[in-house]
Amino acid sequence: MTVFIRIACLICGYFCGLLETGYIYGKFKGIDIRNYGSGNSGTTNALRVLGKKAGLVVFIGDLFKAIIPCVIVRLLTKDSYPDTFLLFVLYIGLGVVMGHNFPFYLKFKGGKGVAATAGMIIGLMIPWMILILLVLFVAVVAVTRYVSLGSILLMIEFVTLYVIFALNGWLCFDPHGDSRSAMIESIVLAVIFATMSILKHKSNIIRLIHGEENKLGQKKEN
């Protein structure tokens, strides 16, 4: 039964992720946003290409297309699977990010999944983790003005915090009991989230190394 739930979460999440807010917003403005700027349909590119309003709309859309299904899955599974329900939240979140990053109807060319991953993290509803990650991201972007650097560090810190929380029994899993295997599986999923995001930022990492990455507020890509 739990295998079916995992598969169902992945599939449902993928279709939720297909709501490409940046692409749709761009079409309303008469452009394919993927042909401009960094070439993806995410928040940062929408901000640079179409302005602050577009960036905000795209961010909210991509955020909530992950938050809503994650919260629904949490509500549906928490009572029936009290010691593993966060695993299912991660699975549907993973589906959302995969749908966002690799939409079949756009030839698998979507965004980088940062806002969608943030939505999944919020959907986990772990207050201290959300607060720490938010402070980290805002601080890094405020100091460096590199959104990409903030996003990369956010993913690394997410995995680090998730492992710490899981191993200390601060999540729904019992690290020494029957749900230990589910806990380990959830950690693997957290690592997959971070790995996908970092790989999607490969070009940004190269530009950061060479000092050529665009800072927040710059209009033109290097």
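Modeller: Residues are numbered from 1 along each chain as its sequence is written, and side-chain values use heavy atoms, with hydrogens and water left out. Because the model is predicted, local features need pLDDT of at least 70 and side-chain atom pairs count only at pLDDT 80 or more, whereas totals for chains, interfaces and linings use all residues.

Colleague: How many disulfides does a search of the whole structure find?

Modeller: A disulfide is a covalent bond between the sulfur atoms of two cysteines. Here the term is applied to a pair of cysteine sulfur atoms within 2.5 Å. The search of the whole structure gives a count of 0.

Colleague: Which cysteine has the sulfur nearest to that of Cys9, and how far away is it?

Modeller: Cys9 is buried, at a relative accessible area of 6%; buried means under 20% relative accessible area, exposed over 50%, and partly exposed in between, with a 1.4 Å probe and protein chains only. Cys9 takes part in no disulfide. The nearest cysteine sulfur belongs to Cys12, at 7.0 Å.

Colleague: What does Tyr162 contact, leaving aside its neighbours within four places in sequence?

Modeller: Contact means heavy atoms within 4.5 Å. By that criterion, the partners of Tyr162 are Leu90, Leu124, Met129, Leu171, Phe173, Ser186, Ile187 and Ala190.

Colleague: At what angle do the axes of H9 and H10 cross?

Modeller: Axes are lines fitted to C-alpha atoms, for helices over the stretch in contact, and angles run from 0 to 180 degrees between N-to-C directions. Ile198, Leu199 and Lys200 of H9 meet Lys202, Asn204 and Ile205 of H10. H9 is oblique to H10, a class left after angles under 35 degrees (roughly parallel), over 145 (roughly antiparallel) and 65 to 115 (roughly perpendicular) are set aside. The axes of H9 and H10 come within 4 Å and cross at roughly 60°.

Colleague: What is the phi of Met125?

Modeller: Most residues other than glycine have a negative phi, and most peptide bonds are trans. Met125 is in the loop between H6 and H7 and is partly exposed, at 45% relative accessibility. Although Met125 is not a glycine, its phi is positive, at about 55°.

Colleague: What is the phi of Arg145?

Modeller: Arg145 lies in the loop between H7 and H8, and counts as partly exposed at 39% relative accessibility. Arg145 is a residue other than glycine, and its phi is a positive value near 65°.

Colleague: Which residues does Lys215 contact, leaving aside its neighbours within four places in sequence?

Modeller: Lys215 is found in the segment after H10 and is partly exposed, with a relative accessible area of 30%. Its contacts are with Arg48, Thr144, Arg145 and Tyr146.

Colleague: Is Asn101 buried or exposed?

Modeller: Asn101 is found in helix H5. Residues touching Asn101, not counting those up to four places away in sequence, include Glu20, Phe108 and Lys200. With a relative accessible area of 1%, Asn101 is buried.

Colleague: Which residues are in contact with Leu154, leaving aside its neighbours within four places in sequence?

Modeller: Leu154 lies in helix H8 and counts as buried at 8% relative accessibility. Its contacts are Leu133, Leu136 and Phe137.

Technical notes
Helix = DSSP H or I, 4+ residues; strand = E, 2+ residues; numbered from the N terminus.
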